[in-house]
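Please go through the aromatic contacts, the core and the sheet of the model shown here.

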Amino acid sequence: MNRSIAPNDMRPSHFACNGDPNGYQKGTLWLHAALPRGSRDHEDLSLIIHSSRFDRLVVRFIYRDGAVEQQHVRSGNFGTYWRAGGQLAFRAPYRDVPVVAFTLRFDKVASAHLLRMRLVARGEEATQTTGLATLTVLRSFC
C-alpha cells in the first residue's frame, strides 16, 4: 500500500500482510495472490471484479516461467472488460505455461472492504456475470 499514487512502472518488491489496509484512498492499494500448487490447470482463467470506485486498475497475470501479462482500465473507460451487473472481466492470455499468481494495483480505490473478486475458468465467465446480473434484477423486483 502506498499513501500516494505509485509511479506507473512501479512493482512492489514484496508484499506484507499485516492488519487492515489504510490510507490507500488517495494512493495505491496492491493485492497479490498465488494460486495453489497441484490444483487444476490454471491455463484458461478469468478474474472477475465487481467494479468499485477507483481511478485506475492494473491486473498482472504471472506465469510459471516468470512472464507477466498486464491489462488495465480507468474509471469511466472500462472498454471490453465491462460485463453485465457492474463487473469487469480480465482474461489471462493463453500461454503454454499456467498462471501461478496475479497482482492487482488499485489507484484511489474507495474501499478495499467492498471489493469482490472471483477467479473462474474462462468458460464460466459469461455464465457467472450473466447469472449475477439476472439475480440482481430479480431481487430488485421482490
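A charge sits over a ring if NZ of Lys or CZ of Arg is within 6 Å of the ring centre and within 35 degrees of the ring normal. This is a predicted model, in which local features need pLDDT of at least 70 and side-chain atom pairs count only at pLDDT 80 or more, while totals for chains, interfaces and linings use all residues. Residues are numbered from 1 along each chain as its sequence is written, and side-chain values use heavy atoms, with hydrogens and water left out.

Q: How far from the ring centre of Tyr 63 does Arg 95 lie?
A: Arg 95 is placed over the face of Tyr 63. The distance from the ring centre is 4.8 Å.

Q: Is Phe 78 buried or exposed?
A: Buried means under 20% relative accessible area, exposed over 50%, and partly exposed in between (1.4 Å probe, protein chains only). Because its relative accessibility is 17%, Phe 78 counts as buried.

Q: Which strands are at the edges of the open sheet of four strands?
A: Strands are DSSP runs of E with at least two residues, numbered from the N terminus, and two of them pair if DSSP finds at least two bridges between them. The order is S1-S7-S3-S4, with antiparallel pairing. Pairing on one side only marks the edge strands, S1 (28-34) and S4 (68-74).

Q: Which residue in S4 stands opposite Val 59?
A: S3 and S4 run antiparallel and are joined by seven bridges. Opposite Val 59, the residue in S4 is Gln 71.
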